[in-house]
Amino acid sequence: MLNIILFGPPGAGKGTQSTFLVEEYGLVHLSTGDIFRANIKGSTELGQLAQSYMDKGQLVPDDVTIRMLESEVNKFPDAKGFIFDGFPRTTTQAVALDSFLEGRGTPVSCMLALDVEEEELKSRLIARAETSGRADDADPAVIQNRINVYRKETEPVAEHYAAQGKYTGIDGIGTIEEITDRLKAAIPAV
Ligand code: AMP
């Protein structure tokens, strides 16, 4: 079982790279941002709650996010593994994920962290707004807030997995193919 955390700031390319890794390794892709957006589209109660945070570039509360993620994982009992994209985003989420996966006997295999500098992230997100239709990509103040939240609340999650010897930093600048190759080279054989 291969459980990969694809990590990095907003605009680092996690979603794009996930689609290639899913194909290559036959994994289930779980993006908490995508799941929240599907709930917003479906006008669920969870969607309404999530939207109030997402519109401002803030994190959805841990308890709600953790419960949602665990129920998504449980929908795929036959999965060969998962790519976690956009989760965990806090140390509390990381601790919850570790104990949830260890309880299933399928711990996190590795964290691959895409490294992209801030100015590049901002220009990628503004460009993405043209096609993503995401309000949180179109507003520079919300983008800045998402980056600030990442630095403060999410970056420490990297330390959490580094302490377990599971962290690999990946240069996130280059062509999509070059970055996919770097990621593949860092994925442990199972
Ligand atoms: P993303 O699609 O990963 O850029 O996420 C979009 C937004 O969804 C974030 O700015 C947060 O408001 C929310 N979100 C996604 N994943 C999480 C998470 N793991 N914890 C809390 N909020 C999240």
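The expected span of a helix is taken as 1.5 Å times one less than its number of residues. In this predicted model, helix α8 covers residues 140-154 and contains 15 residues. The distance from its first C-alpha to its last is 20 Å, close to the expected 21 Å.

The buried residues of α8 are Val142, Ile143, Arg146, Ile147, Val149, Tyr150 and Thr154. Around the helix axis they cover an arc of only 160°, and they therefore lie on the same side of α8. Pro140, Ala141 and Lys152 are exposed and sit on the face of α8 turned away from the buried side. The elements covering the buried residues of α8 include β1, α3 (45-54), α6 (118-132), α7 (135-138) and α9 (156-162).

Within α10 (residues 176-186), the buried residues are Ile179, Thr180 and Leu183. Viewed down the axis of α10, these residues fall within an arc of 105°, so they line one face of the helix. The face turned away from the buried side of α10 carries Glu177 and Ala185, both exposed. Among the elements that cover the buried residues of α10 are β1 (2-7), α1 (14-25), β4 (110-115) and β5 (167-171).

Two packed helices are described by the angle between their axes and the distance between the axes. Helix α2 (residues 32-41) packs against helix α4 (residues 62-74) at an angle of about 95°, and the two axes are 11 Å apart. Because angles of 65 to 115 degrees count as roughly perpendicular, α2 is roughly perpendicular to α4. On the α2 side, the contact is made by Thr32, Ile35 and Phe36; α4 contributes Thr65, Met68, Leu69 and Glu72. Sorted by class, the residues in this contact comprise 4 nonpolar, 2 polar and 1 charged.

Two features of the backbone were found in loops. The loop between α2 and α3 holds Ser43, whose phi is near 50°, a positive value in a residue other than glycine. Ser43 has a relative accessibility of 57% and therefore counts as exposed, the cut-off for exposed being over 50%. Pro88 is located in the loop between β3 (81-85) and α5 (91-103).

Notes: Residues numbered from 1 in each chain as written. Predicted model: local features only at pLDDT ≥ 70, side-chain atom pairs only at ≥ 80, totals over all residues. Heavy atoms only, no water. Buried < 20%, exposed > 50% of the residue type's maximum accessible area, 1.4 Å probe, protein only. Helix = DSSP H or I, 4+ residues; strand = E, 2+ residues; numbered from the N terminus. Arc of directions from axis to C-beta. Contact = heavy atoms within 4.5 Å. Axes fitted to C-alpha atoms, helices over the stretch in contact; angles between N-to-C directions. Parallel < 35°, antiparallel > 145°, perpendicular 65-115°, else oblique. Nonpolar A, V, L, I, M, F, W, Y, C, P; charged D, E, K, R; others polar.
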